[in-house]
Amino acid sequence: MLKMRLLSFLSLILILGAASCERTAEENDNFNRSKMLENYANNLIKPNFTDLQNSVTTLKTSISNFTQTPNETNLVSLQNEWLAAYKAWQYCNAFNFGPAGALGLTRALSEEIATFPVSETKIATAIAAPNFNDFNRDSRGFLAIEYLIFDGTNSEIVNLFNDTKRKEYLNALINHIETKVNNVVNSWNGTYYNDFVKNNGTDVGSSVSQMYNEFVRSFETIKNVKIELPFGKRPGQTQTEPHLVEAFYSGKSTEILAEHLKAIENIYFGKNKQGVQNGLSFKDYVNSVEGGKSLVSDTEAQWILVKEKFNAISRDNTLAYLIDNDAETIENFRLELQKHTRYFKSDMSSVLGIAITYSSGDGD
Amino acid sequence: MIKKFTTYLTQPIGATPLINFRLIFGVLLVFSTLRFMYLGWIEDHYTQPVFHFKYWGFEFVEPVGVTAMYIIHIVMVIAAIGIIVLHGWAYRIAALTLFILFTYTELIDLTYYLNHYYFVSLMCLILCILPAQHSLINGNTQSQTPRWSILIIQIQIAFLYVYAGLAKINYTWLIEAMPLKIWLPANDQLPIIGPIFTLSFTPHLFAWIGMIYDCLIVFLLLYAPTRKIAYLSVVIFHVITGMLFQIGVFPLVMIGITTIYFSQNWHDKFLSIVQKIFFIPIVAPKNNLWTLKKQKVFLWILLPYVLFQLFFPWRFVLYKGDLFWHEQGYRFGWRVMLMEKAGTAFFYVKDGVTGREGVVDNREFLNSHQEKQMAFQPDMILQFAHFLGEHYAQKGVQKPEVRAEVYVTLNAQKSKLFVNPKVDLMKEKDTFAPKNWIIQYDEDGRVVE
C-alpha cells in the first residue's frame, strides 16, 4: 500500500518534471567527448609529436655533420635546424600527460627536454662527465644545445668544438632528446591512443581532465615563466633578469613565443598545425554546456587582445633587450595574459565540471 | 517535566544498536584510513605541500614527518578496531585516541575540509563519552544501555540530513537546478544510466528528490512502517551520488550508519549473526548501568553540544549578502554539494619602502587542490596573503603590502571580481566580524557598497 503510494508520488514528480521542462535540444544534447578526444589525438597530438620527432632527426643529422666537420657553414645550418625543432616542440609542450607525463621517477617530457634557464656551470661539469640519470635537468635538453651552439660568435663556437668532449656531449644531448621523444611517439602510435579515446569521462585521470590541466599549465607558463620571471615581476626580484628569457643565447624568444601562443590557440579551437579544424574542440565543448556561450565570447574577445598586445612587441630586437628598453609593451602583453587566465583556468573547468584533483569532494 | 524527560532519556534499553553502530563505524574508519594511506594522500595532503591553510583557532596545528604521519594512521586503524571490540576503560582510551588523532589530521589543512570529515570527528567525540560496558565481544541481546546513548547518535545524523535538506531549499537549487545542470551532463558516459543525464529535466528532478530525501529521510527511517522503503532509498540515493560525484567513502559511511534507526529486533539479530560468524561466545549479560547521577553529568555535557549543533549552522544569517558568494558562516553547517564555484587568484606583493610590486606564481607554494580551494574562499585568500607577506619579508621585501585580484565564478555565471583589489590584506585579520573587503553584488550584478 505504502509502496504504491510512494511510487505514484515519484512518478507524479517525474511526469510533472517532464511536462514542465521541454527538452532544450541543442543546449543539452550530449556532447560527444570521445569524438573530441579523437580530434585532439589524430589531428593535434599525434601529428605534432611526429613533426617533433622528424625535426629531432634532422637536428641530429646537423649535429653529426657539425661535430664531424666543425665549421661556420655547418654551424649556421645546425642553428636553423635547432630553431625548427624547438618550434616544433612548442606544439607539443601542452601534451605532457600519458606517455609524456610524469609518473613515479619518470619526469614529464618538458622537464627532460625543455627546461630553462640552463646552468652554464652544470653544463661545463656535464661535458667532462656526461650523466643523464641525475636530476640536473638544467644541463640537458633543447636549451642546453642552444647554449652550446649559440653562446658567443660563430667562430668562437666553432673553435670550442675542437674539444672532443664537447662534441660528445652535444651528440649525447640530442640522443637523449631523441630517446625521450621516440618513446612518446611510439606510445601514441601504440596502445595509448585507444586508452586516451576510451577514457572519456570528466573525472580526474580522465583524458579530458589530463589534457585540460596540461593545457592550462602550458598557457600559464607563458605569463608566469616566460614573461614575468625575466621581466622581474616576481615579488622579491629587485630588477629585471633578461638572461632568464627562454632561448636567451639565440635571442629567438619572441619568435618561439609566437609559436607557443599559436599552439595554445590551436588547442582551444581544436585546430591542427595548419590552422584547420577537423573535429570537435574544447570551444565546442564549452559552447554545449550551461553558461558556455557567454564564456566562449568573453574568451575569444580577450584572446584577440592577447594577440594584439603580443604583436605590438617589436621583432627587431630580442625579448631580453626589450624587457629593459620597452617595458610598457611587455607589461601590456603580460596584463592581457593575466586577464585571460581566468577564462581558461577557473571559468572553463567550472562550466565543464572537470575534476582537478584526486581528493574527495563534499558528498551527501 | 524535566524529571519525566530525564527518566525517558536514562531509561535502560537494549544495547545492540549501539554495539552494532560501533562495529559498523569502526569498520568504515578502518577501511577509509587504509584507503587514505593506500592512495598516497598522506604525502599529497600533509607532507608535500610547502604551506598549510590553518583552521581558525587552531593555527598551532602542524603536520609531523611522513613516518610519524603513517604511524598516526596505523594507530587510528588500531583504535578503530578498539572501539569495536573493547569495553570499559580500554574502550574509552581507544575512542579518545581515535577522536584526537582523527581530528588532528583534519585540522592540519583547511583545504581538505569536508562536512563528512567534521561529522566523523563529531561521532568520535560522542563515542568518547558514551557508556560502553558492552562490545561485540562481551555484549548480547540482553545487554542494556541508557536511551540517550543511542538517541544522541540518531540526533547527530538527523542534524546532518535535515540541515543538508534545508540548505537545498533555495531558488538556485530547486528552480534553476544549478549546479546539477553542470554536474549531471558530465556523467553522460556512465553505463546504463548515463543517457538520463543528457535529458533536460533530469537536473530538476534530481534537485527536488535530493531536497526531499535529505529533509525527510530521518523521519521515514524512524517510523517503522516506512523504514524498509526508506532504507532502500538510502542505499539507492547514496550509490547513485557515489557514482556521480567524486565523494570517496561517504556514501558507504551513510549507508552503514543509518542502520542506527533500525529496530531493536533487527539489531539483536544482526549482532547474533556477526557473533556467530566470528565464533564469539555468548557471555552472560552483566548489566551494571551507570548511576543516575553519573548519567546526569554526561547529559549536562551533551546539552550544550546539542544546542551548539542546533544553532551554529545558522550563524550565516548575521552576515549580509549571498552566503554562497561570501561563504562567511558556510562551513560546519552541513552544506554539501550545493554550488559549483571556482576562482582564479592573483596576488601582488609590494615593497612598502621601494614601492616595487611583484606578482606571485601560486603554484610555487600550493598544490592544485590548495590553489583551487583557496581561490574562492575569503578566509583562505586572507591566510595565503599573510603567508606571502611573511615569506617575502624574509626574502628581503620590506614592509610588504599584499593585494589580491580574484575572479570567481558561481554556478556557471560570468566570473566577477571577488575581493577589493585595492585592500592591503596584511592589514586585515580573520575574525567573525564581516569581511568588508569581499565585493558583494545585488541581483542585477551591481556592486553593493
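Does B:W334 count as buried or exposed, and how many C-beta neighbours lie inside 10 Å? B:W334 counts as buried, because it has 24 C-beta neighbours inside 10 Å. A residue is buried if 20 or more other C-beta atoms lie within 10 Å of its own, exposed if 12 or fewer, and partly exposed in between, with C-beta atoms placed from the backbone.

This is a predicted model, in which local features need pLDDT of at least 70, side-chain atom pairs count only at pLDDT 80 or more, and totals for chains, interfaces and linings use all residues. Residues are numbered from 1 along each chain as its sequence is written, while chains are lettered from A and ligands numbered from 1 in the order in which they are written.

**Confidence**

- The model scores ipTM 0.89 and pTM 0.92.
- Chain B has an average pLDDT (the predictor's confidence in each residue, from 0 to 100) of 94. In chain B, 100% of the residues score at least 70.
- Chain A has a mean pLDDT of 89, with 89% of its residues at 70 or more. Its residues 1–28 have pLDDT below 50. Beyond near neighbours in sequence, this stretch makes 22 contacts in the model.

**Chain A overall**

- Chain A holds 16 helices and zero strands. Helices (H or I, at least four residues) and strands (E, at least two) are DSSP runs, numbered from the N terminus.
- Chain A has 364 residues, and 46% of them count as buried.
- Take the contacts in chain A with a separation of 6 or more: 72% join residues 24 or more positions apart. Two residues are in contact if their C-beta atoms, placed from the backbone, lie within 7 Å.

**Where the chains meet**

- On the chain B side, 58 residues are in contact with 51 residues of chain A.
- Strand 3 of chain B (residues 341–350) supplies the largest share of that side, with five residues.
- By class, the chain B side has 30 nonpolar, 19 polar and nine charged residues. Ala, Val, Leu, Ile, Met, Phe, Trp, Tyr, Cys and Pro count as nonpolar, Asp, Glu, Lys and Arg as charged, and the others, Gly among them, as polar.

**Nonpolar cores**

- The largest nonpolar core has 167 residues. Such a core is a set of buried Ala, Val, Leu, Ile, Met, Phe, Trp, Tyr and Cys residues joined through C-beta atoms within 7 Å.
- A:I145, A:V286, B:I83 and B:L98 have the most contacts inside this largest core.
- Helix 3 of chain A gives the most to this core, with 12 residues.
- A second, separate core has 34 residues, including B:A345, B:M374, B:L388 and B:L410.
- Setting aside residues up to four places away in sequence, A:V286 touches A:G292, A:L295, A:V296, A:M348, A:V351 and A:L352.

- Helix 3 of chain A covers residues 33–68, which is 36 residues. From first C-alpha to last it reaches 50 Å, close to the 52 Å expected at 1.5 Å a residue. The expected span is 1.5 Å times one less than the number of residues.
- This helix of chain A bends by about 40° at A:A41. The bend is the angle between axes fitted to the seven residues ending at a residue and the seven starting there.
- Helix 10 of chain B (residues 202–222) has 21 residues. It reaches 29 Å, close to the expected 30 Å.
- Helix 10 of chain B bends by about 50° at B:L216.
- The buried residues of helix 10 of chain B include B:H204, B:F206, B:Y213 and B:D214.

**Backbone details in loops**

- A cis peptide bond joins A:F116 and A:P117, with omega about 0°. A:P117 sits in the loop between helix 5 (109–113) and helix 6 (120–128) of chain A.
- Another cis peptide bond joins B:M178 and B:P179, with omega about 5°. B:P179 is in the loop between helix 8 (171–174) and helix 9 (180–183) of chain B.
- B:A177 lies in the loop between helix 8 and helix 9 of chain B. Its phi is positive, about 55°, although B:A177 is not a glycine. B:A177 counts as buried because it has 23 C-beta neighbours inside 10 Å.
- B:W334 is in the loop between helix 15 (323–326) and strand 3 of chain B. Its phi is near 60°, a positive value in a residue other than glycine.

**An exposed tyrosine**

- B:Y8 is in helix 1 of chain B (residues 2–10).
- B:Y8 is exposed because it has 11 other C-beta atoms within 10 Å.
- B:Y8 and B:M337 are 329 residues apart along the chain, and their C-alpha atoms are separated by 37 Å.
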